[in-house]
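Student: I have a structure to look at and some terms to sort out. Can we go through them one by one?

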Amino acid sequence: GGANPASKSLTLIHAMVAGASHIDHVDMLRAGASSKVLPFHVAAPSTLGTYLRSFTFGHVRQLDEVIEEELAKAWSLGMAPGDDPLVIDIDSTICEVSGYHKQGAA
């Protein structure tokens, strides 16, 4: 699951920003002429599932660090919300997997 992590990560981020609520919604980025607009290869949902299952706790902590740095950069450029509340609503729902036939369920 570790090949081309930049494209896979960008696919996930763009899908979330576009309103994807689950991994199959990534296909909306693969429709029409998206490949001419997006500056990266959009990964297939099955490829992203393999990629996400390869994450360890250390990977998650690295992503936390990236988010912290990016928010600090945005704030330093004047993008802070000021006195108004800031809400970033990205769904982090974790769904149970029924049975042991699904990879990663064990």
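Student: What separates Glu70 and Lys73 in helix H4?
Tutor: About one helical turn, because the two are three residues apart in that helix. Keep in mind that this is a predicted model.

Student: Why is the link between Glu70 and Lys73 called a salt bridge?
Tutor: Their closest N and O atoms are 3.7 Å apart. The cut-off is within 4 Å, so the pair counts as a salt bridge.

Student: What makes Glu70 partly exposed?
Tutor: Its relative accessibility is 44%. Buried means under 20% and exposed over 50%, so Glu70 falls in between. Lys73, at 45%, is partly exposed too.

Student: How many salt bridges does the structure hold?
Tutor: Three. One of them joins Asp64 and Arg61, at 2.8 Å from N to O. Both residues lie in helix H4, three residues apart.

Student: How do you know that Asp27 and Arg30 form a salt bridge?
Tutor: Their closest N and O atoms are 3.3 Å apart. That is within 4 Å, so the term applies. Asp27 is partly exposed, at 38%, and Arg30 is partly exposed, at 42%.

Student: Which residues make up the largest nonpolar core?
Tutor: There are eleven, among them Leu12, Ala15, Phe40 and Tyr51. Helix H1 and helix H3 each give two or more residues to this core.

How values were computed: Residues numbered from 1 in each chain as written. Predicted model: local features only at pLDDT ≥ 70, side-chain atom pairs only at ≥ 80, totals over all residues. Heavy atoms only, no water. Core = buried A, V, L, I, M, F, W, Y, C linked by side-chain atoms within 4.5 Å. Buried < 20%, exposed > 50% of the residue type's maximum accessible area, 1.4 Å probe, protein only. Helix = DSSP H or I, 4+ residues; strand = E, 2+ residues; numbered from the N terminus. Salt bridge = Lys/Arg side-chain N within 4 Å of Asp/Glu carboxyl O.
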